[in-house]
Amino acid sequence: MGLRKDFMWGGAVAAHQIEGGWNEGGKGISIADVMTAGDNVTKTPRRITDGVIPGENYPNHEASDFYHHYKEDIALLAEMGFKCFRTSIAWTRIFPKCDEAEPNEEGLKFYDELFDECHKYGIEPIVTLSHFEMPYYMAKHYGGFRNRACIDFFVKFATVCFERYKDKVKYWMTFNEINNQADPNPHHLVQEGAILAEEGEDLEQVMYQSAHYELVASALAVKAGHAINPDFMIGCMIAMCPIYPYSCKPVDVLAAEKFMQGKYFFTDVHVKGKYPNWVMRKFERKGYNLDITEEDLAILAEGTVDYIAFSYYMSYAVEAKETNPHYDYTEYDYVRNHFLKASDWGWQIDATGLRYAMNWFADRFDVPLMIVENGFGAYDKVEDDGTVNDDYRVEYLGNHIKSMIECVEEDGIDLLGYTMWAPIDIVSASTGEMDKRYGFVYVDKNNAGEGTLARSKKKSFYWYKEVIATNGECLK
Ligand code: BG6
């Protein structure tokens, strides 16, 4: 019973959201570097600009300045007893444009030093290769992953990282939340690597084509990684938000199931090495003539992953529509689940949904799971004495961790670890805000980019330290 003795407790971030140093050390511009700051209060969305425009506020340019603070930050994680730390390697530190013949040594050296710093404290680095930070040049010049040429750029980047860090990193992930693009909205398409569709194009078709190239790139990377070090554990990374039927009407149940298929078929391809039948039928029905070759299908079958990493923040609900006879998931709108409360950003809080999601994965896929993101974005108040009493964060994380432990103890699910999002305050991916805070460590910086960047410990810092020290037992 209980979590395994070597359970990997830790936290997760992504390079573009924490590092800053956007134009230091030979780094190129990434797509995150051309995204402006949004604001939840005024409901201002992030904008994607045509290159870096002087005078615009680009929050990822400095972010939490981890590039210069990483030693202090890793020491804080070590103080909490972290066993692991998930981050990404900024592609543009290694290949600033994407198609260079040789990697940028200064970028490679930065991650050598970062991983060494982790190991100094016995913290295992866990690495995502592509986390919403594709080279901007690749997007502009090649059209991003809608272009087959980008498969080779990714595989080369992955291979350079595998070779360089083969003795420092064991756990890898290829594409962060690859299935976000299943909601084919422009923001997700840009983040996942398919640059904006042209006027008049079918967004969904663009999404399936670029997702296919990403899946092939991922499978080739898995094969290359295993050849370099057979002990590597290389996973996929799925954004898991379970979708519930709005009622027990059979059509609502079927609508939810079809929606789950639409969002999570990426997992089938990554783990089983093939597309489910409904996907091919859908391409025929929609008249999509995609570039999917026999050779690609063989690569997908050979490059299957070792584990499923996933993020979990919330759940959704959906109601059937008479106007959607094919139960096409892209034609549904989510409906509010009145049984759940939501965060200030409207994310529905549902700890039970984590157990549902883990059972859903475990019933379908015979590989271990790893929770690599779970957290509560909230406005924090700094008291006059400098403390942050973030009981709401402790409540959210505590309830989700309890649900996770039930999955292991009662459902027998093979779970490798839990890396909450994000132990240090960082820039929000969806809104570009600093004030959407997830951390145990407060970073003195606001949405306008003002602040000293000083780090301080929130109340939750001490709580998580206890959770790790007792291997979760203190929550029982
Ligand atoms: C996940 C992403 O979608 O959710 C992270 O992998 C992101 O990059 C996290 O930061 C939380 O989302 P947000 O928009 O609150 O930062």
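Student: Is tyrosine 70 buried or exposed?

Tutor: Start with the general idea: buried means under 20% relative accessible area, exposed means over 50%, and partly exposed is in between (1.4 Å probe, protein chains only). Tyrosine 70 has a relative accessible area of 9%, so it is buried. One caution about what you see: this is a predicted model, where local features need pLDDT of at least 70, side-chain atom pairs count only at pLDDT 80 or more, and totals for chains, interfaces and linings use all residues. Residues are numbered from 1 along each chain as its sequence is written, and side-chain values use heavy atoms, with hydrogens and water left out.

Student: How do I read aromatic pairs, and how many are there in the whole structure?

Tutor: Rings of Phe, Tyr and Trp (its six-membered ring) pair if their centres lie within 6.5 Å; planes under 30 degrees apart count as stacked, over 60 as edge-to-face and the rest as tilted. A search of the whole structure turns up 44 such pairs. Take phenylalanine 7 and tryptophan 9: their ring centres are 5.0 Å apart and the planes sit at 70 degrees, so this pair is edge-to-face. Both phenylalanine 7 and tryptophan 9 are buried.

Student: What kind of pair do the rings of tyrosine 70 and phenylalanine 110 make?

Tutor: Edge-to-face, because the planes are at 85 degrees, with the centres 5.5 Å apart. Tyrosine 70 lies in helix α2 (residues 66-79) and phenylalanine 110 in helix α4 (residues 105-120), so the pair ties together parts that are 40 residues apart in sequence. By the way, helices (H or I, at least four residues) and strands (E, at least two) are DSSP runs, numbered from the N terminus. Phenylalanine 110 is buried too, as its relative accessible area is 6%. Both rings belong to one aromatic cluster, whose members include Phe66, Tyr67, Tyr70, Phe85 and Phe110.

Student: Now the ligand. Which residues come nearest to it?

Tutor: A residue is near a molecule or strand if one of its heavy atoms lies within 4 Å of it. There are 14 residues around the ligand, and Gln17, Glu177, Ser430, Lys436 and Tyr438 come nearest. The shell divides into 6 nonpolar, 5 polar and 3 charged residues. For that sorting, Ala, Val, Leu, Ile, Met, Phe, Trp, Tyr, Cys and Pro count as nonpolar, Asp, Glu, Lys and Arg as charged, and the others, Gly among them, as polar.

Student: Where is arginine 393 found?

Tutor: In helix α13 (residues 391-409). Arginine 393 counts as buried because its relative accessibility is 0%. Its side chain reaches the backbone oxygen of tyrosine 438 at 3.3 Å. Contact means heavy atoms within 4.5 Å, and leaving out residues up to four places away in sequence, arginine 393 touches several others, among them Phe376, Asp380, Tyr438 and Lys458.

Student: Which peptide bond is cis, and where does alanine 422 lie?

Tutor: The bond from tryptophan 421 to alanine 422 is cis, with omega near -15 degrees. Alanine 422 lies in the loop between β11 (415-421) and β12 (441-443).

Student: Which residue has a positive phi of about 70 degrees?

Tutor: Leucine 453, although it is not a glycine. You'll find leucine 453 in the loop between β12 and β13 (455-457). Leucine 453 is buried, given a relative accessible area of 10%. Asparagine 471 also has a positive phi, about 55 degrees, and it is not a glycine either. Asparagine 471 lies in the segment after α14 (459-469).

Notes
Polar contact = N/O pair within 3.5 Å; in protein donor to acceptor, adjacent residues only side chain to side chain.
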